[in-house]
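Please look over the sequence and the model shown here, then read the points below.

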Amino acid sequence: MNELINQLYEEFKGIGSPAIVRNGQKNDAFELVVLKILYGRLLDLTFDKEHIEEIQKYIIAPPDAGIDIFIEKGDGDDSVFDIIQVKNKELTESELRDAFSTMERTVRDFCKSPINISSENCREILSKSSLDNNNKKNCSYFVVHTGNIREFHGMHDYEHVINLVDLQILSKSKKDKVEEDTLSITGEGGYMPFGKPDDNQSALICNINGYDLATLNNKYYSTEIGRNILFGHNLREQLNPKTSKSYTGMKKTVKECPKNFWYYNNGITIVAEEVEPQKNGDTTSITLRRFSVVNGAQTTSSLGLILQEAERNRDDKIKEALKQTYVIARILKVNDPDTENCVAIYNNTQNPITSRDMVANNEEQRKLYDRLIDTSYPQIYMEIRRGSKIPQSFNKSFVHRKTSNETLAQLAYAGYFLQPFTAKDKKAALFNNDISQTQYTMNEIYHRIFHLDPDNDKESGVLFRKTKNEIDELLFTQELYKEGKTYLKNIIQDRLDLERKQFESETDSDQKIAIQTRIDRDSSMLEAIGICMFYYITTYYEFDAQYGSSWKNKRFDFEKFYQDKSYRKELVADFADFFLVRTIQVLLGTAKENGKAANINNWVRSLMCQTKYLEKLRADIGYDMNLSTQYDNLMNKYKVVPQ
């Protein structure tokens with residue numbers, strides 16, 4: 001670890017404005033070490049001085065208001081945040097509590113008003129994010145230190161401690177698998193083999209102690225990269241034990257009759273590249289190398305959470321109960337990637353609810369992926385399996401062209417079908433396998449987007465009927481929303497801060513009422529701006545449907561957008577002023593007209609909102625004769641390059 005700290009210190013010291021690694025402050029480089037280990041692969045980051053601008057998006061240079069690393073994940077309305085404080089020293093329980101309190105206080109203060117944050121560096125990075133009152137509940141807090149403590153009494157579920165051992169384990173796992181671990185097993189004879197140990201494929205069946213399995217889980221579960229390593233990428237999406245009824249049942253069994261756990265549970269499946277059993281007296285241990293749990297993630301993570309809670313509550317009875325709990329395990333030695341993938345898929349198909357990982361090998365997904373990534377212009381990378389490596393031929397400078405099949409499907413519903421509610425509400429059901437029907441591929445929602453009919457293009461899903469240029473424009477529209485949201489959010493927030501100061505200093509009661517009206521208006525705008533991405537895209541495509549025929553054979557100058565900062569700033573501002581402000585206006589207007597103004601967040605999540613929004617948007621466009629000219633001027637200014 002020290003070697004990596006020294007390496008990154010020498011690479012980054014004094015670089016950047018402000019410098020994320022200060023001269024003479026080697027501990028600053030530990031933040032880069034943490035970023036590299038926990039997020040380097042997930043964010044596809046390169047750690048050298050030539051990529052300092054990319055690194056600076058995530059590291060908050062000191063002074064930092066108690067937040068060293070800030071990560072936003074997800075798209076548009078569904079952002080989640082990892083907020084991290086890094087200490088290159090051993091922390092006590094009291095110091096860990098203080099670290100969490102500081103980060104959580106900073107987030108609360110920022111969401112009230114960014115002006116509350118004294119650190120300019122912290123305020124700037126948080127202001128560029130989607131963090132606000134609507135989604136601050138989506139924050140997970142991490143403290144990284146070099147001591148041994150991982151749990152302490154009173155920790156919340158959204159708080160996580162990562163110690164030096166955790167970092168070292170994660171840093172050694174190079175292939176998105178656990179590099180090596182040893183499990184103790186029990187049972188007469190220790191285990192039952194299947195096949196010959198020296199073959200490329202063999203297996204054994206054994207019983208794993210619940211305490212040992214829980215301990216294994218807790219080495220990895222608190223971080224996304226750790227979960228990917230332990231459970232691989234072929235896992236069901238729902239891995240939050242506390243939201244599962246099965247977790248409650250498992251916890252009750254462990255507490256009341258731990259010896260019956262083996263009888264009630266279906267067991268787990270582990271796939272490893274090397275399996276090495278060894279008997280030592282009465283104990284048999286199995287060393288596994290480069291392995292993942294491909295089935296039984298719910299069982300494994302539930303046992304881990306039970307142990308975690310016991311440690312936080314200092315409940316020795318539950319710990320002892322876990323040691324009396326056993327899980328049946330199939331441990332498969334497999335060295336062929338295709339076989340490993342099939343094992344993962346077939347071991348998860350007993351549940352009709354599938355993740356998008358499970359359809360990654362479907363013909364329609366592969367065909368669409370290949371069509372978008374081929375070298376013809378524009379080249380688009382569509383991730384169909386989480387954690388997949390981006391091809392070297394892909395130009396990452398065009399940020400909007402990196403997407404996922406899930407996001408692309410949502411955008412298609414908002415843009416091509418003008419259904420923003422469906423885009424948001426049906427995300428969870430998109431990849432569900434509805435085995436009760438035979439009419440559609442997977443289900444109707446999936447079918448409209450991804451169905452592939454080689455004999456009749458007109459019957460294929462919408463993404464196969466659209467050209468690559470049309471899909472490129474859809475993705476660019478999302479990028480303009482993201483950047484426009486930051487632009488407009490800062491303007492409205494500055495206006496709010498000024499209005500609040502005016503309200504405090506004003507003595508005339510009538511003037512105070514007028515100022516409060518403006519405060520209420522801007523507060524509503526600020527609330528709506530972070531939850532209206534799909535409505536923004538629908539607005540853009542409704543204008544396109546009514547006025548866009550003259551511009552069908554033109555595209556945006558993407559090259560200039562990513563190379564010319566002043567051009568980019570102007571384009572983002574113009575589109576935010578025309579499309580985003582109008583989106584917010586219509587949303588707030590329909591909410592007020594339908595008695596929903598008190599909770600705009602609930603309003604945008606209703607089907608009625610979609611209906612009323614389109615009615616009002618179309619009426620506004622129809623009655624305002626100047627909009628056609630304004631739209632043409634905007635397109636004439638920016639959509640100028642022949643396709």
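W262, Y263 and Y264 make up a nonpolar patch on the surface, and their accessible area together is about 400 Å². The model is predicted.

**Surface patch**
- Y263, one of the patch residues, lies in helix α10, which covers residues 261-264.
- Y263 counts as exposed because its relative accessibility is 62%, and the cut-off for exposed is over 50%.

**Nonpolar cores**
- The largest nonpolar core has 89 residues. I449, L463, F543, F575, F579 and L580 are the residues with the most contacts inside this core.
- Helix α23 (residues 565-593) gives the most to this core, contributing 12 residues.
- Another core, of 70 residues, lies apart from the largest one, and its members include F12, I229, F231 and A329.
- In soluble globular proteins, nonpolar side chains tend to be buried together.
- When neighbours within four places in sequence are left aside, I449 is in contact with A409, A412, Y413, F417, G461, V462 and L463.

**Aromatic pairs**
- The count of aromatic pairs comes to 35.
- F543 and Y547 form a tilted pair, with 6.2 Å centre to centre and 50 degrees between the planes.
- Both residues are in helix α21 (residues 533-547), and because F543 and Y547 are four residues apart there, about one helical turn separates them.
- F543 counts as buried, with 0% relative accessibility. Y547 has a relative accessible area of 19% and is buried as well, because the cut-off for buried is under 20%.
- F578 and F579 form an edge-to-face pair, at 4.8 Å centre to centre and with 80 degrees between the planes. F578 and F579 are both buried.

**A buried glutamine**
- Q493 is placed in helix α19, which spans residues 468-505.
- Is Q493 buried or exposed? Q493 is buried, at a relative accessible area of 9%.
- Not counting residues up to four places away in sequence, Q493 touches S113, P114, R500 and L526.

Technical notes: Residues numbered from 1 in each chain as written. Heavy atoms only, no water. Patch = residues over 30% accessible without salt bridge, like charges linked within 9 Å, V, L, I, M, F, W, Y side chains within 5 Å. Areas by Shrake-Rupley, 256 points an atom, 1.4 Å probe, with all protein chains shown as cover. Salt bridge = Lys/Arg side-chain N within 4 Å of Asp/Glu carboxyl O. Helix = DSSP H or I, 4+ residues; strand = E, 2+ residues; numbered from the N terminus. Buried < 20%, exposed > 50% of the residue type's maximum accessible area, 1.4 Å probe, protein only. Core = buried A, V, L, I, M, F, W, Y, C linked by side-chain atoms within 4.5 Å. Contact = heavy atoms within 4.5 Å. Phe/Tyr/Trp six-rings, centres within 6.5 Å; stacked < 30°, edge-to-face > 60°.
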